[in-house]
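I opened the notebook to record what I looked up in this structure. The entries follow in the order I made them.

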Amino acid sequence: MYYTYVLLSSKDREWYTGAASDLRGRLREHEQGKAISTRFRRPLHLIYYEACLDKADAYHREIYLKTGRGKRYLRQRLRTWRAQSTPVAA
């Protein structure tokens, strides 16, 4: 399995979107500051993920979720969660 995921930074309230074959391992890397892209944005919280059967599908999905349409999709999917939590920037 391959995963596309979205993390929320508690520091700047921004989302980070990524893809990985080992979701738990990748989350550990983010939490430990080993991922350069999120090192200074910790702590991070997993707020969304999708499982894909194919590596290419997971990475294409990551690219899509980073587009304007993809961000709108995520805001729509997370609408209930966002209403219950503090305001989130996308």
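Over the ring of which residue does the charged end of Arg61 sit? I looked, and the ring belongs to Tyr73; the charged end of Arg61 is 4.9 Å from its centre. I noted that the model is predicted.

**Confidence.** I checked pLDDT before going further. The mean for the protein is 93, and 94% of its residues reach 70 or more. Helix α2 has the highest confidence, at a mean of 98. Confidence is lowest in helix α4 (residues 79-84), where the mean is 78.

**Aromatic pairs.** I counted 2 aromatic pairs. Tyr5 is in strand β1 (residues 2-9) and Tyr16 is in strand β2 (residues 15-20), so the pair ties together parts that are 11 residues apart in sequence. I also looked up accessibility, and both Tyr5 and Tyr16 are buried.

**Helix α2.** Which residues of α2 are buried? In this helix, residues 55-65, I found Ala58, Glu62 and Leu65 buried. Looking down the axis of α2, I saw its buried residues fall within an arc of 70°, so they line one face of the helix. What do the buried residues of α2 pack against? I listed β1, β2, β3 (44-52) and α3 (68-77). On the face turned away from the buried side, I found the exposed residues His60 and Ile63. I then went to the N-terminal end of α2, which Asp54 caps. A side-chain oxygen of Asp54 lies 3.1 Å from the backbone nitrogen of Ala56.

**Tyr64.** I found Tyr64 in helix α2 as well. Which residues does Tyr64 contact, leaving aside neighbours within four places in sequence? I noted Arg69, Gly70 and Tyr73. Last, I looked up Tyr64 and Arg39, which are 25 residues apart along the chain; their C-alpha atoms are separated by 23 Å.

Methods: Residues are numbered from 1 along each chain as its sequence is written. This is a predicted model: local features need pLDDT of at least 70, side-chain atom pairs count only at pLDDT 80 or more; totals for chains, interfaces and linings use all residues. Side-chain values use heavy atoms; hydrogens and water are left out. Rings of Phe, Tyr and Trp (its six-membered ring) pair if their centres lie within 6.5 Å; planes under 30 degrees apart count as stacked, over 60 as edge-to-face and the rest as tilted. Helices (H or I, at least four residues) and strands (E, at least two) are DSSP runs, numbered from the N terminus. Buried means under 20% relative accessible area, exposed over 50%, partly exposed in between (1.4 Å probe, protein chains only). A charge sits over a ring if NZ of Lys or CZ of Arg is within 6 Å of the ring centre and within 35 degrees of the ring normal. The arc is that of the directions from the helix axis to the C-beta atoms. Contact means heavy atoms within 4.5 Å. A polar contact is a pair of N or O atoms within 3.5 Å; within protein, one must be able to donate a hydrogen and the other to accept it, and residues adjacent in sequence count only if both atoms are side-chain atoms. pLDDT is the predictor's confidence in each residue, from 0 to 100.
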